[in-house]
Amino acid sequence: ISPEKGFCRQSTRTSIFIMDSATVSIYIPFHSNFSQLENSLNFISLFETKMFFYSWNPDSTKMKEYFSSMKEVGVSLSLFDFSEEVLFQQLRSDAHKKVVILLTASSNYGFGQAQFFYFSTLQRHFPNVIDVFHLGHCMYGCTSCGLKEHNIPIFFSRFFNKLLPYDQQYVIDKYFSASSNSTSAKRVLVAPAFGANSILNDPKIIEALISMQQSEGKQTNDDEMQLLFKFHGLCMMKGREGEEISSASVAEELDDALHPFYTFSQSEKSNMKTVKKTIKVVEEKDYNILPFFQAADILICDLDSSVPFEALYFHPLAILCYYTPQQRLTDDAYHSNLFLFSTPVLCVDT
C-alpha cells in the first residue's frame, strides 16, 4: 500500500480493485487500547479514516485523546462515539466514496464474529461499503487468533518504513543503558502474553526471573544481564475509579478493570504486581514491540503468543519460549527455531 494507491479485495473475494486515497474512506470500530493499535495506524496514515469508539470500552477516552493528537500532524481522521445513528449518518455522507470497514477484534471470539456479521449485513443496505476485513492482532501461534489472522505485512509496515515514533536506540537509551555500567551486559526482554498458558500464570518462572534481576551487578561482565519486562497492552487497562493503569500501578487496579472481554486470574494479578516491584517495566505509550526486539539480546516469552514468531526476523536474537505440559507441540519446523522451556531450571540454564 502506498499513499496514492493500494489494493483491496471485494468481500466476495472474486475481484481486486485499486484503492485510491482520494475516493476511499476507512471506518474502524475500535474496541480496545494500545494493544490493538499498530495495524490500524498503517491505514490511518494513508487514507481518510473515521473511527467509532464503543462506550463500554474503559480506554475509549484515552484512545480518543491519542488519536486526536494525530490530527495535528495532518492525518485526515474523524472520531465518533459508536451508535447506529451516527454510523448510518456517516455512511450516507460517504455515499460517493468506497468505504472499507476494518475490524480489530479477533474472529475467534463471539464479539469478533458478531461484529463481522453486523458490518457485513450493512453491505446489503449501503452499497458503498465495498469490504469488511479483519485486521487481526496476531501473526502466528496464539490461541486468541488460532492461526487465522496472520498479518505480517501490515504489522511490520511502519517499522520497515521507519515511521514508528521510536527506534532501537531510543529503547537502549531509555530502558537499558542507565541500568548497567557494562557494555557486555546481555539485554533480556521479557514479553509474555496472558492467559492459562502464560508465564504470568507460573509463579516459579516469575520467581526465577526476579532472582536473575536481583543478582544483577553481582555477576562477572560476561554473565551480567539487564532485565526489562513488557506487559501485554491489555494489562494496562483503565481502572474502575478512573485511574490509568500505568506501569507504576499495573496489577493494583486489575480487579477493577471494566472491559467486558478481558479478565485476569488471581495468579496473573499477583505476579504482575510482583514484577512491577522488582523489574523495570516498559511504559504503555511505547507499545510497538519491534524496536525492543532490535535492542535485546535475549527474548523470554510465551509460546502461546505471536511474539516469538514476530521475533524470528530479528536474528541473532535468542528466543526462549515458555510452554505448559498441557500444550501440544506439533509444529517442529517452527519450534526448531526457538528454545523451549517449561521449568525455571530450563529457563535459567538456557
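Keep in mind that the model is predicted.

**Around Arg187**
- You'll find Arg187 in strand β8.
- Leaving aside neighbours within four places in sequence, its contacts include Ile172, Phe176, Gln226 and Ile298.

**The sheet**
- Strand β8 belongs to an open sheet of six strands, ordered β10-β9-β8-β11-β12-β13, with parallel pairing.
- β10 (280-281) and β13 (339-341) sit at the edges with a single partner strand each, so one side of each has no neighbour in the sheet.
- Helix α7 (residues 203-214) packs on this sheet and touches β8, β9, β11, β12 and β13; its direction makes about 135° with that of β9.
- β8 and β9 run parallel and are joined by five bridges, and Lys186 has Met225 as its bridge partner in β9.

**Aromatic rings**
- There are 32 aromatic pairs in the structure.
- Phe82 and Phe119 have ring centres 6.4 Å apart and planes at 70°, so they pair edge-to-face.
- Phe82 is in the loop between β5 and α3 while Phe119 is in helix α4, so this pair ties together parts 37 residues apart in sequence.
- Phe82 is partly exposed at 23% relative accessibility, whereas Phe119 is buried at 3%.
- Tyr313 and Phe314 also pair edge-to-face, with centres 5.2 Å apart and planes at 85°.
- Tyr313 counts as exposed at 51%, but Phe314 is buried at 8%.
- Ring pairs link Tyr313 and Phe314 into a cluster with Phe155, Phe156, Phe159, Phe160 and Phe293.

Definitions and conventions
Residues numbered from 1 in each chain as written. Predicted model: local features only at pLDDT ≥ 70, side-chain atom pairs only at ≥ 80, totals over all residues. Heavy atoms only, no water. Pairing = 2+ DSSP bridges. Helix = DSSP H or I, 4+ residues; strand = E, 2+ residues; numbered from the N terminus. Contact = heavy atoms within 4.5 Å. Axes fitted to C-alpha atoms, helices over the stretch in contact; angles between N-to-C directions. Phe/Tyr/Trp six-rings, centres within 6.5 Å; stacked < 30°, edge-to-face > 60°. Buried < 20%, exposed > 50% of the residue type's maximum accessible area, 1.4 Å probe, protein only.
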